Amino acid sequence: MKIGIMGAMPQEIHSILKIVEEKEHKEVAMREFVTGKIEGIEVVVVFSRIGKVAAASTVSILILEFGVSHVIFTGVAGAIAPGLKIGDIVVGENLIQHDMDPRPIMPQYEIPLLEKTYFETDPVLSRMAAHAAKEFFLDHDVFPYLKTIGSDDPKVMMGDIATGDKFFSFQKDKDALLGALPSIKCVEMEGAAVAQVCFEFGVPFTVIRTISDTADHNAGMDFLKFIDEILVELSPEVIKGILSRMRKSLIEN
Ligand code: ADE
């Protein structure tokens, strides 16, 4: 078992690297891949860069060059579903590329030749991720920053995630996305690209997204503050929680 861990924010990856033991570095295609161990399990940690192409090429390298058996993508997202607040966590159930539009030759959102619109995450890995995130909130119930924005009771949920090469910062774009794809909880820029590559290689994966902004006119400001104040603490703990569960299930089976 070897776990690929990817993230689209350098600050988040730096905080995860602090918990990697026996680190070794290797540069491939302008990216730094760090191999080592977390909770005794072999890992490869990498900054995916931003957007679908960057994420797809990074995960291909993880699979082909480093032979990872599972992929965990961790990062932030803009809230799309009403009621979601900054600090809530969405673990992906199905991933869709909201900017895929091959009409009229094929249906909107369908990936040409795969005849697939949604990519499902691995249910076992996703459940472990949701439990690890819930455990984090039980142990760290008061975030001073979350309190200042009226969200001191963050929730963890499973749900659908939309991906595309666009940062959402206008209410009208958010409304249009929710109108077209009502099951979507949040929007980001890498998950469904990772999902497509993992599907094609037959590698189980999950996507964990913490809501950093409400994908409207406040998006830019909330987003940057959120990364520095919350994500650097949350991500390594959630990764540790998943890997300790994976180690336990390895021992038990
Ligand atoms: N990732 C975090 N916030 C986002 C937003 N508003 N749009 C797209 N991706 C995001």
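Hi everyone, and a word on the ground rules before we look around. This is a predicted model, where local features need pLDDT of at least 70 and side-chain atom pairs count only at pLDDT 80 or more, while totals for chains, interfaces and linings use all residues. Residues are numbered from 1 along each chain as its sequence is written, and side-chain values use heavy atoms, with hydrogens and water left out.

Let's start with the overall fold. The protein chain has seven helices and ten strands; these are DSSP runs numbered from the N terminus, with helices being H or I of at least four residues and strands E of at least two. Its radius of gyration is 17 Å, close to the 18 Å from the globule rule for 253 residues, so the chain is as compact as a globular protein of that length. That radius is taken over C-alpha atoms, and the rule is 2.2 Å times the number of residues to the power 0.38. Along its principal axes, the C-alpha trace spans about 50 × 45 × 35 Å.

Now, to the ligand. Which residues come nearest to the ligand? Among the 13 residues around the ligand, they are Gly78, Lys166, Phe167, Phe168 and Asp213. Being near here takes a heavy atom within 4 Å. By type, this shell has eight nonpolar, two polar and three charged residues; Ala, Val, Leu, Ile, Met, Phe, Trp, Tyr, Cys and Pro count as nonpolar, Asp, Glu, Lys and Arg as charged, and the others, Gly among them, as polar.

Strands β5 (70–79), β9 (184–188) and β10 (205–213) each supply at least two shell residues, and β5 gives the most, with three.

Next, the polar contacts, meaning pairs of N or O atoms within 3.5 Å. A side-chain N or O atom of aspartate 213 is 2.7 Å from a ligand nitrogen. From the backbone, an N or O atom of phenylalanine 168 lies 2.8 Å from a ligand nitrogen, and one of glycine 78 lies 3.3 Å from a ligand nitrogen. The protein covers 97% of the 260 Å² of accessible area that the ligand has on its own, by the Shrake-Rupley method with a 1.4 Å probe.

Last, two backbone details. Most residues other than glycine have a negative phi, and most peptide bonds are trans. Alanine 29, in the loop between β2 (21–28) and β3 (31–38), has a positive phi near 50°. The peptide bond from arginine 103 to proline 104 is cis, with omega near 5°, and proline 104 is in the loop between β6 (89–97) and β7 (119–120).

Conventions:
Polar contact = N/O pair within 3.5 Å; in protein donor to acceptor, adjacent residues only side chain to side chain.
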